[in-house]
Structure formats: structure tokens, C-alpha cells
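Open the model in your viewer and keep the sequence panel beside it. Each stop gives a selection, then what is there.

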Amino acid sequence: MMNWYQKVIVPRLLNFEMGSAELDKIRRSALVNAVGTVLEIGVGPGYSLAHYKNITKLYALEPSKEILAIAKRRADVLTFPVEFLNTGAESIPLPDYSVDTVVSTLTLCSVADPKKVLQEIARVLRPHGTFIFVEHGASHNPGMRLLQTAFTKVTKYFTGNCHYDREIERLIEEAGFRVKTIEYAHERFSPLIYDYQGVATHPSIRAS
């Protein structure tokens, strides 16, 4: 029953929820910084595709075949080449230092192993490359964070494994990235959902 729910209902639910005007505005603002050869981990239903303006190629990674099929329909009108990768971000099938920009839109909050995913991002991202992230994460309000954790224990089974309470900024910094810019905001339609939007540089830049 749960497998049927994940394959049939979750793709439709995500396609509906991730198409909001609020999220569209956030994507437009974030993706203006994407350049060159780009990897988007967790492209989802493909709502981000229309917002890439200054790129030469996109690798669009998504582990769900059902969700990837929705994204492919949104790629028909694009003017840059797109290569879809039907796999998880814990093992990215690209060479070391092969992309200029990595984008994560509501993906680190839902992957099984965010630390491994960030290691893979560091591996494929070129030195002086950029990591752009838009994520759900833990609120800075301790009381709200307790509520996020309580709700996540139940809702993660119905929302594609989204964790409302992950400490996104800490995870990124512990992986060696330097966060250049970051903004925080509660989404209007749910105070439990706290957004992180930012840009980070490759770990090699911090070390140099």
C-alpha cells in the first residue's frame, strides 16, 4: 500500500504543492545565479527548468521515475540541452569537478543521507563553482523546531521524506562549504515550513 502511495500519489501531490506562486518566485530569484554546466539534484516535477537563463547544459537528477516523467514534459520548450539522470544524489554519475553550478531545490530536506549528498556535490563541483540551495529546514525558534520535529515523524511518510527540522546551514558548513549569502523565512501558508535560500562556495575555496 505504501509503495503504491509513493509511486502514484506522492508524484501528483508534489506536482501540485511545488507549483505554488510563492515557490516559483523563490526559484526565479535563486536560479538567476546559475551559470555554465549545471547539475540540479532532485529536479522533481521540473518547475525550476523555466528559470535557467544563463546556462549551457543541465543535468537534471531525480530518483523517482514517475516524477521524472512529469519533469520531462516541462523540458520540451527549453533552448539548452538537458540530460536526465534517474538516480539518487548519494551517488552522482558524473566525473569529479565536472559542473560549474549545483542546485538543490527542496532536496537536502528529503534525501536519506544529506551528508553523503553534500560530499558528492563537493566532488562534482568545480573549484570556484557555486552551490545554490533552496531548502526546508529547522526554524530558529526553539518551540517551533520542537513542533517541526514532532510533525516530521508523521508527515515524512506522505511528503516524499521531507524533514522540516533539518539544520540545513549547519550541514552545508560541516561539509566544508562556505555560505556566502543566506536568507530565512517562514512560508506564509504554514508556519511549520521554514525556508533557507542561499549560495555557497566550494570547500577548496575555504581551504585556499
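**Stop 1: Lys 53**

Select Lys 53, in the loop between strand 1 and strand 2. This is a predicted model. Is Lys 53 buried or exposed? Its relative accessibility is 64%, so Lys 53 counts as exposed. Now follow the side chain. It reaches the backbone oxygen of Ala 50 at 3.1 Å. Lys 53 and Val 35 are 18 residues apart in sequence, and their C-alpha atoms are 8.1 Å apart in space.

**Stop 2: the whole chain**

Zoom out and switch to a cartoon. The protein chain has seven helices and seven strands. Read from the N terminus, the elements run α-α-β-β-α-β-β-α-β-α-α-β-β-α. Colour by accessibility next. Of the 208 residues in the protein chain, 51% are buried. Among contacts in the protein chain with a separation of 6 or more, 68% join residues 24 or more positions apart.

**Stop 3**

What is the strand order of the open sheet? Its seven strands follow the order 3-2-1-4-5-7-6, and the pairing is mixed. Go to the edges: strand 3 (82-85) and strand 6 (178-187) each pair on one side only. Neighbouring strands of this sheet are turned by 15° against each other on average, direction ignored.

Select strand 1 (residues 35-41) and strand 2 (residues 54-61). They pair in the parallel sense, over seven bridges. For a landmark, pick Glu 40, which stands opposite Ala 60 in strand 2.

**Stop 3: strand 4 and its partners**

Move to strand 4 (99-105). How many of its seven residues are buried? Six are, so strand 4 is largely enclosed by the rest of the structure.

Look at both partners in turn. Strand 1 and strand 4 run parallel, joined by four bridges. Across this pair, Ile 41 stands opposite Ser 104 in strand 4. Strand 4 and strand 5 also run parallel, with six bridges between them. There, Thr 105 stands opposite Val 134 in strand 5.

**Stop 4: helix 4**

Keep strand 4, helix 4 and strand 5 on screen together: they make a right-handed β-α-β unit.

**Stop 5**

Most residues other than glycine have a negative phi. Two loop residues are worth a check against that. Tyr 97 is partly exposed, with a relative accessible area of 46%.

Now take Leu 106, in the loop between strand 4 and helix 4. Phi of Leu 106 is near 60°, again positive in a residue other than glycine. Leu 106 is buried, at 13% relative accessible area.

**Stop 6: Cys 109 and Cys 162**

Select Cys 109 and Cys 162 and display the sulfurs. The cut-off for a disulfide is 2.5 Å between the sulfur atoms. By this rule the count comes to zero disulfides. Cys 109 is in none, and its nearest cysteine sulfur is that of Cys 162.

Check accessibility at this pair. Cys 109 is buried at 1% relative accessibility. Cys 162 is buried too, with a relative accessible area of 6%.

**Stop 7: His 163**

Step along to His 163, in the loop between helix 5 (142-155) and helix 6 (168-174). Is His 163 buried or exposed? At 14% relative accessibility, His 163 counts as buried. Which residues is His 163 in contact with, leaving aside its neighbours within four places in sequence? They are Cys 109, His 136, Thr 152 and Lys 156.

How values were computed: Residues numbered from 1 in each chain as written. Predicted model: local features only at pLDDT ≥ 70, side-chain atom pairs only at ≥ 80, totals over all residues. Heavy atoms only, no water. Buried < 20%, exposed > 50% of the residue type's maximum accessible area, 1.4 Å probe, protein only. Contact = heavy atoms within 4.5 Å. Pairing = 2+ DSSP bridges. Axes fitted to C-alpha atoms, helices over the stretch in contact; angles between N-to-C directions. Polar contact = N/O pair within 3.5 Å; in protein donor to acceptor, adjacent residues only side chain to side chain. Right-handed = clockwise from strand over helix to strand, strands pointing away.
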